[in-house]
Amino acid sequence: MNLLTDSILVLLILASFLLLSSSRLSNCIKTVALQGMMVGVLPLAANDSLTCRVTAIALVIAGMKGIVFPYMLFRTLRESTTIKELKPYVGYTASMFAGVVSLVASFWLDSRLHLPVAASSRLVVPVAFSMMLTGIFLIVGRRTAVNQVIGYLVMENGIYTFGLAIVRDVPLLVELGVLMDMFMAVFVMGIAIYRINREFDHIDSDQLNTLKG
Amino acid sequence: MNLLLSAFIIFVGGSFLSLGLVKYPRVLRVVGPGSVVIGSVLGIQPVLSSLILGTCDFLQMPWQIPMGSMSIGIDPLSAIFAIAILFVSPLAAVFGAGYLKSFEDTHDLGKSWFFFNLLVASMLLVVLARNALLFLIAWEVMSLASFFLVVFEHERDSVRRAGWIYFIATHIGTAFLLVMFLLLGRHAGSLEFSTFFNCGLSSHLVSVVFVFAVIGFGTKAGFMPFHVWLPEAHPAAPSHVSALMSGVMIKTGIYGLLRTLTFLGCPPAWWGWTIIIIGVVSGICGVLFALAQHDIKRLLAYHSVENIGIIALGLGVGLLGVSHGNAVVAFLGFAGGLLHVVNHAVFKSLLFLGAGSVLHSAGTREIDHLGGLIKKMPLTATAFLIGSAAICGLPPLNGFVSEFFIYVGAFEGMSRDGLSSGAAIGGILAITALALIGGLAVACFTKAFGIVFLGEPRSKHCEHAHESCMSMRIPMVLLSLACVAMGLWGFFAFGVMSNVTSVLTSGLTFDPATCGLITPYQDVLLSVTLFALALIVVIGSLIFLRSWLMSGRIQQSAVTWDCGYLAPNSRMQYTASSFAQPITKFFRTFLQTKRYVSPPEGFFPKTASFSSETDDFYGEQVYKPTFNALESWLSRFRQIQHGQLNLYIMYIIIALVVLFVWKLR
Amino acid sequence: MMDVAHYMGVPLGLCMAPLLLGIINRTKAFFAGRNGSPLFQAYYDIWKLLRKDAVYSRTTTWIFRSAPVVGLGSVMIAMILVPVAGSSLFAFTGDLIFFAYCLGLMRFATVIAALDTGSSFEGMGASREVHFSTLAEPALLLGLAALAKLSGSFSLTGMFGGLSGSDWLASGPAIALIAFAVFVVFLAENARIPVDDPNTHLELTMIHEVMILDYSGPDLGIVLYAAALKLWVLGALIVNILICAADLSGFSGLIVFAGGMFILAVLVGIVESIMARLSLLKVPQLLVGAGAMSVLALILVMRFTS
């Protein structure tokens, strides 16, 4: 059992819990930055033989997830007036319960799912599942657009981790493609949030439905 | 067996005798409860001997009814339920003698004692019957007798409504039982219980029988989705009847379920799962709803649901143990669940009697109107305190021992296998649920005891409160003593429980009681007993030490610290609603408490009010819409109801003719 | 030598428990740049109180008078079960349940004593206490269940004795999570920051302190001493989890254990110095978080041991 990998994976779950339970958006962004960074360096910890290429890609990804995306989110946040998620659809304690349930569900799913290749740690796959579920939950259960972007990021972290389990060596092109998608998504959303905020003085996506005729 | 039969005959005789003694209330006051007491004393010896020695006895007499026979028998499984019946019933009866005195002028007590005796007799027959037909007859008599006892104060609308809900619920349950026994009987070719075992049902039919048993018996026991009648019927009934119904009668549902399980052979894992999930839901939701109640008897009724949940957790863990072939888990789970049956019978009837005593002297069941009763009713308060601590599962009282069994069983289930195994997750679920229930039960009973008995009186109801009469006090004292004694008997319970569980696993490939794996737990229970004793000794000596320390000290009296406020009054005390508010708010998603607030307005507000109400979730959201839809559909048939006798006779004749023609065709 | 050390655990706790309060207060004073009260202040307080006369509220009854001794008695029994340096006086399968329920008995007694005064402040404190402990109890028991699963034993002594340094290597994250969850429960149950502030002077904001507001004289002394013992027994759980890596026994074990308790007390002092108290509405979230960590630990442990 690789202690370092396991610790990182456990920290990933804790970061998800933290995201589910905190209302202050700046804290959420910081947490997701930390989670992204940990996901980024995960290949370094999991791989026994580090090559230059793997290290470089891992660092780039960690930088993107941990610095660039959060920076953009912070910029958006500064320009909007929102600092707190005021009334989420699902309360914070209930969200935490949901997180625990989704965690149990992902471990159960993993025990049922017989993946063809052995992952580097027995935790990788369930943790990846739980991050994806958490991301989806955040997208569904929160009102502010920033939190929805964060949910999107968490889900991406989960997908990336899952990819890590399936493919030992990070396939450069695929990953860069995904990353590019992500970049565009955050970029577009950032602009959208900025626009929404400028037009309506808030970034509450719930109120977008007033736009329809 | 003869003693048991004579006990039964005394119950039945007593019931008819009290019906005849309506004109002589003084005699009735003795005969009604007296027959219950004498019968119970007679019956207790054979029951105890079966329980301790593990002996079985069987008696069969021919009977005129087709498919029926007077088969009765006793084995340790019947005995553990019979002991609860024979211990609690006489105490409830003695309490009732005092409790009903104030009703002598307004109500017909002859009927009340008739049904009370009949209820005890039928409960005894339910656990002794070894023939499905006899069982169902006893079951029906039990349901009817308890129904008539519930509607004792039938002049009140709420009581009649509660009675109806109970009547309908229990009969829907009985319908399922009827189908279940017919299924079993058809395949076995006879309605004798002894022929039911492995009677060649296909595995699908076995599952159907199991589901029907869970619904049918679960309705009586109060499993969570089928519990709606409990919080209605228990507050409506006189307190000694609530004690008997909640303490003992609902356990016959558990008995029926277990007896059915002995017919069905090795259970698949999902049975265990079903029972565990029912246990988790009943346990947690039961205690949550209890916490939100303002009516003390309603609160206790919801606690019965909670405790049935704990029993179900134990049985579920046991079933999982059986289906995984783990003898230790099976033994600990079953033993814990069954021990909790007896323990709950003792402390719940104690609590209901205590509540009855309060109701009798203060005249209200509203917790928020009471307060400070410990000064006026010291004995009732002490008894209620002991019952409260016992129901919270606190050592050194009896509730702890049974919960301890279940905890250890759940842990054993958890420790044996990995995550992929069902027993492990079942164990974790049980531990989590028990821990949560334990905490919530402490919250609920500190509220019930603290607000009712402690502090200052909150309304004029309490001014006239007085300690109840001797016949109401003695049962409470005896039940309190039983709570303490059974907290210390964990070691002795071990042998008894291994007798009982070996009945449950008699049809299986292994018998936990004989395979030697469980013997280490005898020492464990000895340690529990020793530590409970140590707890009593340490606390006792500390009390002694404190009184030595305090001797010769000046002890002044003053007002409670009030932060310098000059005119405190008793209305300013924390109420039950405010005490429970943080928790009810935390769990508001489940409870959906309705709040009616009219806040104070202006500078010198004259009026302001607040009230809250927590309706039963299932009752409001599930059953009410269902029954409303059913009613609107069935109301179409009103057209054929004209209320004219000759038309009805015509219906009968038409029906007869149609049947006749159909048969001759 | 071994044997003497074996019996030393309970006396050590009985004697040293109030010292923990002194260490916490000195640490806080250090952070605040004060000299602080003497290390043995808690002993002085208790001794002084035991020699005083008493004042009782007219509303109170024997419940109020007997609650402190019931609490003290149950926490003492709980203390017997907690191992010190790998061995306790008694151990049996399932003793951790007895341990948890003894603390439950103590809480029951304190809460009804608070209600016995009829004061709305004390009712408020009692209400909060039962609310928070309801959520703390599953966190504690699930954390202990995870430890039990890891070590394959269901008694406190067997649990901590069964752990070794290799367990830390194999499932370190899980043990760390358990330790953290138990630490949160420890802070909540002992009314420390961030759940409750033992130094607050406003009745409305108190939890534990407000429940014992009406005690005076010897009874207050007993209450203080019982609270110190509770701090000790729950702290001992954490220290036992953390020092299990070093397989120690005998007197060296005792010394390491005492050192661990000292560090724990300093840690509590640091937490109290650098953290603000949480708003009351946030406390349940913290406790549910601790419960979530226990569940996570339990899942990890089952994953690793299966």
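1. Let me start with the ion pair between chains B and C. In this predicted model, B:R546 makes a salt bridge with C:D219, with the closest N and O atoms 2.7 Å apart. The count for this pair of chains is 1 salt bridge, while 21 residue pairs are in polar contact across the interface (both at pLDDT 80 or more).

2. B:R546 also shows up in the area figures. Chains B and C bury about 6,500 Å² between them, and carbon and sulfur atoms carry 76% of that. On the chain B side, B:R546, B:F531 and B:Y574 lose the most area to chain C, together 11% of what that side buries. The contact draws on 75 residues of chain B and 74 residues of chain C.

3. Which elements of chain B supply two or more residues to the side that touches chain C? They are α14 (373-376), α15 (378-391), α16 (398-416), α17 (422-453), α20 (520-550), β3 (555-558) and α21 (576-586). The biggest share comes from α17(B), with 16 residues. By residue type, this side of chain B divides into 49 nonpolar, 18 polar and 8 charged.

4. Do have a look at the strands here, too. β3(B) pairs with strand β1 (residues 54-57) of chain C in the parallel sense, over 4 bridges. Within that pairing, B:Q555 stands opposite C:A54 of β1(C).

5. B:E153 bridges to B:R156, the closest N and O atoms being 2.7 Å apart. B:E153 is buried, at a relative accessible area of 13%, whereas B:R156 counts as partly exposed at 31%.

6. The other is B:D615 with B:K594, where the closest N and O atoms are 2.5 Å apart. This pair links distant parts of the chain, 21 residues apart: B:D615 sits in the loop between β5 (609-613) and α23 (617-634), and B:K594 in strand β4 (residues 594-598). B:K594 is partly exposed, with 37% relative accessibility.

7. In chain C, C:R107 forms a salt bridge with C:E137, the closest N and O atoms being 2.8 Å apart. The two lie 30 residues apart, in helix α4 (residues 95-116) and helix α5 (residues 120-151) respectively.

8. Finally, chain A: it has 7 helices and 0 strands. Of its 213 residues, 51% are buried. Among its contacts with a separation of 6 or more, 78% involve residues 24 or more positions apart.

Technical notes:
Residues are numbered from 1 along each chain as its sequence is written. Chains are lettered from A and ligands numbered from 1 in the order in which they are written. This is a predicted model: local features need pLDDT of at least 70, side-chain atom pairs count only at pLDDT 80 or more; totals for chains, interfaces and linings use all residues. Side-chain values use heavy atoms; hydrogens and water are left out. Contact means heavy atoms within 4.5 Å. Buried area is the accessible area (1.4 Å probe) that two parts lose on being put together, summed over both. A salt bridge is a side-chain nitrogen of Lys or Arg within 4 Å of a carboxyl oxygen of Asp or Glu. A polar contact is a pair of N or O atoms within 3.5 Å; within protein, one must be able to donate a hydrogen and the other to accept it, and residues adjacent in sequence count only if both atoms are side-chain atoms. Ala, Val, Leu, Ile, Met, Phe, Trp, Tyr, Cys and Pro count as nonpolar, Asp, Glu, Lys and Arg as charged, and the others, Gly among them, as polar. Two strands pair if DSSP finds at least two bridges between them. Buried means under 20% relative accessible area, exposed over 50%, partly exposed in between (1.4 Å probe, protein chains only).
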